[in-house]
Structures are given as structure tokens and as C-alpha cells.
Amino acid sequence: MPAPQPSQPSRENQPSPADPSSRTDRSAPTSALSPVVPPVLAEVVRSGFVEGRHRGSLVVLGADGAVQLALGDVTAPVFPRSSNKPMQAAGVLRAGLDLAGERLALAAASHSGEPFHRDLVRKMLDEYGLDPALLQCPPDLPLDAEERDTYLASGAAPDRVTMNCSGKHTAMLAVCAQRGWPLETYLDPEHPLQRIIHRVVEDAAGEPVAAVGTDGCGAPLMAISLVGLARAFRSFVAAEPGSAERRVADAMRAHPEYVAGSRRADTWLMREVPGTLSKMGAEAVQAVALPDGRALAFKVEDGATRALGPVLARALALLGVEGPVVDRIGRAPLLGAGREVGEIRAAF
């Protein structure tokens, strides 16, 4: 039987212009997924044979904010998951909390649960006189696999402080304590803080929130389009110095290890491509803005995070970002008996 021949990347559904004004009904849809089959963004190639495909949608904005590339329906609403965190952190600042440096970066983080993350969360709780029991994010293990093994080997149990969203929740509690707002309902969508965050999301995205759900950490989650998400990240890097949005962007870029962790793509990208703002979200969402205003956002439809790196690396290459960090982010080998036998690769 002849051996499988190496396949070529899929060219299905080639890039086409998108019209950001052609929005679907924003009145809390029961499903935000487009009825149109999205294009293949990544292929799973084992021994030269394509054994799987990941579909999704992706948008690239030029420095002027115009759509330069659209794959799939980039105007349909999606839940950005943790890619919303910069906007949530800006909302905390708008509400009156004075955070900066590592503390502000941690407020926008999906941290890996490394010791320096956990230590700073505890320090912030102490600084604002908050009991860790007030955190309403669920107890969890470290997000980073290597750190998780070390954590479990030490005999530690799942903890709210260890949960990757604990920095965000700590900042939310801190501003509520400072403003005299109820602490026990700080995650209610109608809470004063969450109403401010809702406005920040709409201001940054330049569009109304299409639906409000509940994120994995329990916080309200606002649905916007991929165009809106890319526009939001672009607005943060272009914001006036001293504004809430710019303060968040500057803190994240100066302290990327607090936004993600020691072994995470967001950290690598913000550290090695100066001025870049980057934040992933669960269910395979990613948003990036470059310092000149170019931006991208995408979602892999099936939520497969294994496709994030290859898709992100290819999108960065389309923006002209090159170098070892892009190769490192894009590398996703497949193993057979511990030996590399294939890869997950971008297909656009």
C-alpha cells in the first residue's frame, strides 16, 4: 500500500473582505454561531496525512482600523472569554481603583498559578483588608501544566487564589470595598461595577454588547464581534497616556509574566515584540494589537486551544511580524511513541 503523500495546506474559503456594518441581530441570540460553515484555520497532520481540521473565524485590521482580512463571519457575536480581561481591568480603574505595575497586569490576567502570581494575589487581598473567602471565583489548580504538577506534588489542594482569574476578582473586590459597594454581589451583571465594565466593553469595541453570559470564573461575560474585539485591543494601544485603557495596556506590556506566566505565548509575544498587547481566552479566542494600531482577533469554532499557536503565528506573519518568537508560538508537534510524527499547522 503506498505511503500517504504530504498534503498541502487547505485553501478552502479564501480570505474575503468583510463589512463590519453588516451585523446580525444583537438582541441576545440563542446561538451566536454563524449558519455559514466557517473556513479551516488549522489542520492536524500526522505522518503526512490530514486527520483533522479546526474551523473558525479571523479578522485583521490595518493601522487605520479598517478590515484588511476576514476569514469566516467576523461580525457575528462571540464570547471573547478572557480576552475581555483588559476591558474588565479598565472598568476597575474607571470605577476608581488606583492600580499600576504588576498589580494592574494581574488584574487583567489569566495567570498560570505560579508562586509569584499567588503571592501577589494574597498581598493585594491583604492590602485592601479582604478575606480570600470573599473571592467568588471557583477553587482551582494552576493553569500551567508544569506548575500544576509541582503544586500537586507539594500536597496543595485547589484554591480560589490559585485560580487563573483570581487577580481580576481581587481587583473587583478591592474597588467595591473602596466605593462601599456590596461585596457579596460583585458578580451580578446589575452591580454598579459590572455596569461600568459593560460600558467600557461597548466603548472599546465600538458596538453594543450582543449578549451577557457567565464566564467560567463566574463573572459577567459580554459578547461582541471579532471585529469589535480587534477594535477594542487597537483602542487600548492607541489610547491617550494616563487613560484607563492605556494604563492597562502599558501595565500588561511591561509585566507580561503577570498577565500569563513563564511558559505562555502571551508572555513571549509581549516580551519579545515591544509594544504588542496580547491576550488569549478560553474556547480558543485570541486578540492582539501592535503598537502601530494593526490588530487581529480570532476564534477557533470548536474551542481547541491546540490550534491557537499555529493560527496566531500565521496571523502575525500576515501582519509582518517575524522572528524566533513567532516560530516558537506556531510550533505544535504531534508525537508518536514520543517521537515527532506530525504537526498542527495553519491552513490559510
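1. The largest nonpolar core has 72 residues, and Met-87, Leu-193, Leu-229 and Val-248 touch the most other members. Helix 7 (residues 226-238) is the biggest contributor to this core, giving 8 residues. A second, separate core has 34 residues, including Leu-41, Val-273, Val-300 and Ile-329. A nonpolar core here is a set of buried Ala, Val, Leu, Ile, Met, Phe, Trp, Tyr and Cys residues joined through side-chain atoms within 4.5 Å. In soluble globular proteins, nonpolar side chains tend to be buried together.

2. A word on the basis. This is a predicted model, in which local features need pLDDT of at least 70 and side-chain atom pairs count only at pLDDT 80 or more, while totals for chains, interfaces and linings use all residues. Residues are numbered from 1 along each chain as its sequence is written, and side-chain values use heavy atoms, with hydrogens and water left out.

3. Confidence comes next. Mean pLDDT (the predictor's confidence in each residue, from 0 to 100) is 92 for the protein chain, and 90% of its residues reach 70 or more. Residues 1-29 fall below 50, yet this stretch has 59 contacts in the model beyond near neighbours in sequence. Where pLDDT is low, the predicted coordinates should not be read in detail.

4. The protein chain holds 12 helices and 11 strands. These are DSSP runs numbered from the N terminus: helices are H or I with at least four residues, strands E with at least two. Of its 348 residues, 54% are buried. Buried means under 20% relative accessible area, exposed over 50%, and partly exposed in between (1.4 Å probe, protein chains only). Among contacts with a separation of 6 or more, 65% join residues 24 or more positions apart.

5. Back to Met-87. Leaving out residues up to four places away in sequence, Met-87 touches Val-200, Val-201, Ala-204, Ile-224, Leu-229, Ala-232 and Phe-236. Contact means heavy atoms within 4.5 Å.

6. Thr-170 sits in helix 5 (residues 166-179). Its relative accessibility is 0%, so Thr-170 counts as buried. Beyond neighbours within four places in sequence, Thr-170 contacts Val-121, Met-124, Leu-125, Leu-130 and Leu-135.

7. Leu-141 lies in the loop between helix 3 (115-127) and helix 4. Leu-141 is partly exposed, at 22% relative accessible area. The C-alpha atoms of Leu-141 and Met-163 are 6.3 Å apart, although 22 residues separate the two in sequence. Residues touched by Leu-141 include Arg-148, Tyr-151 and Leu-152.

8. Look at both ends of helix 4 (residues 145-153). Asp-144 caps the N-terminal end, with a side-chain oxygen 3.1 Å from the backbone nitrogen of Glu-146. Just after helix 4, Gly-155 has a positive phi of about 90 degrees.

9. An open sheet of 3 strands runs in the order 4-6-5, with antiparallel pairing. Strand 4 (77-78) and strand 5 (211-214) are at the edges with a single partner strand each, so one side of each has no neighbour in the sheet. Strand 5 pairs with strand 6 (residues 220-225) over 4 bridges. Pairing requires at least two DSSP bridges between two strands.

10. Two positive phi values deserve a check. Glu-283 is not a glycine, yet has a positive phi of about 60 degrees. Glu-283 lies in the loop between strand 7 (277-281) and strand 8 (285-289), and is partly exposed at 39%. Ala-337 has a positive phi near 55 degrees. Ala-337 lies in the loop between strand 10 (333-336) and strand 11 (339-346), and is exposed at 90%.

Key:
A polar contact is a pair of N or O atoms within 3.5 Å; within protein, one must be able to donate a hydrogen and the other to accept it, and residues adjacent in sequence count only if both atoms are side-chain atoms.
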